[in-house]
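Dear colleague,

Please find the structure below, handed over for your files.

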Amino acid sequence: MEAFPKLVAFNKAGNIFGSITVTTKKHGIPVKLVFVRNRNKAGEYIILLTTDCSLSNSEVVRLYGNRWSIELFFRAGKSLLCLGSEFQGLNYDMTVSSTAIVFTRYILLEWLRRKANDPKTICELFYVCCDDIQDIELCTALSSLVSIFMEGVRTEAIKITNAVKTQLINWFVSQPAFIKALFPEVVWEV
């Protein structure tokens, strides 16, 4: 932090002290350094670096703020929603699916928080909803969803075309035996 003591005047008002454009020594890449007040320690500053030298100082700070929100999102996903530890698989599609489920949980929790304006903290909401989600097994959830769907088709509350019906039959036939065994009552005419 003390490498540029004469470039920053701490007596300036505001959070952005200034910036300087320099070139990296090894590869000669122009970079812009923006000096911002450290809110946690009044006598120190933070240096933000960007390779887009055309950005204004305030734009660099705004983009960094967005990046920080993304970092907090991933931290919440990892520490509170078990991203990376809840699922152990080497298949790319399985990993993407697991990540999508965790992100969907986050979106639902955030939506519930915003809708209810709950006085609880976000962390408490994560723990409450994660406990509820972990109580239901995949087999139970899938069985419930298919049962609700089949009841809707039987009572004609859900109308499906022959093309959709063919796609559903093809999907069901392609499922592993343990999933097919969950639905002995599902009989589709081909």
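Leaving aside neighbours within four places in sequence, Leu-49 is in contact (heavy atoms within 4.5 Å) with Val-31, Lys-32 and Leu-33. Leu-49 lies in strand 3 and is exposed, with a relative accessible area of 56%. Here exposed means over 50% relative accessible area, buried under 20% and partly exposed in between, with a 1.4 Å probe and protein chains only. From Leu-49 to Phe-35 the distance is 9.1 Å, C-alpha to C-alpha, at 14 residues apart in sequence.

This is a predicted model, in which local features need pLDDT of at least 70 and side-chain atom pairs count only at pLDDT 80 or more, while totals for chains, interfaces and linings use all residues. Residues are numbered from 1 along each chain as its sequence is written, and side-chain values use heavy atoms, with hydrogens and water left out.

The chain has six helices and three strands, in the order β-β-β-α-α-α-α-α-α from the N terminus. These elements are DSSP runs numbered from the N terminus: helices are H or I with at least four residues, strands E with at least two. Of the 190 residues, 22% count as buried. Among contacts with a separation of 6 or more, 37% are between residues 24 or more positions apart.

The axes of helix 1 and helix 2 (residues 92–116) come within 10 Å and cross at roughly 110°. Axes are lines fitted to C-alpha atoms, for helices over the stretch in contact, and angles run from 0 to 180 degrees between N-to-C directions. The two helices are therefore roughly perpendicular, a term for angles of 65 to 115 degrees. Helix 1 contributes Phe-73, Phe-74, Ala-76 and Gly-77 to this contact, and helix 2 contributes Val-102, Phe-103 and Tyr-106. Six of these residues are nonpolar, one is polar and none is charged.

The second largest pocket has a volume of about 380 Å³. A pocket is an open set of points on a 1 Å grid over the protein atoms alone, where a 1.4 Å probe fits, with protein on both sides within 12 Å along at least five of seven lines; lining residues have an atom within 4 Å of a point. The volume is the space filled by probe spheres set on the points. Its lining includes Asn-15, Arg-37, Tyr-64 and Trp-68. Strand 2 (30–37), strand 3 (45–50) and helix 1 (57–79) each give two or more residues to the lining, and helix 1 gives the most, with four. The lining divides into six nonpolar, four polar and two charged residues. Ala, Val, Leu, Ile, Met, Phe, Trp, Tyr, Cys and Pro count as nonpolar, Asp, Glu, Lys and Arg as charged, and the others, Gly among them, as polar.

Yours sincerely

Definitions and conventions:
Angles under 35 degrees count as roughly parallel, over 145 as roughly antiparallel, 65 to 115 as roughly perpendicular and the rest as oblique.
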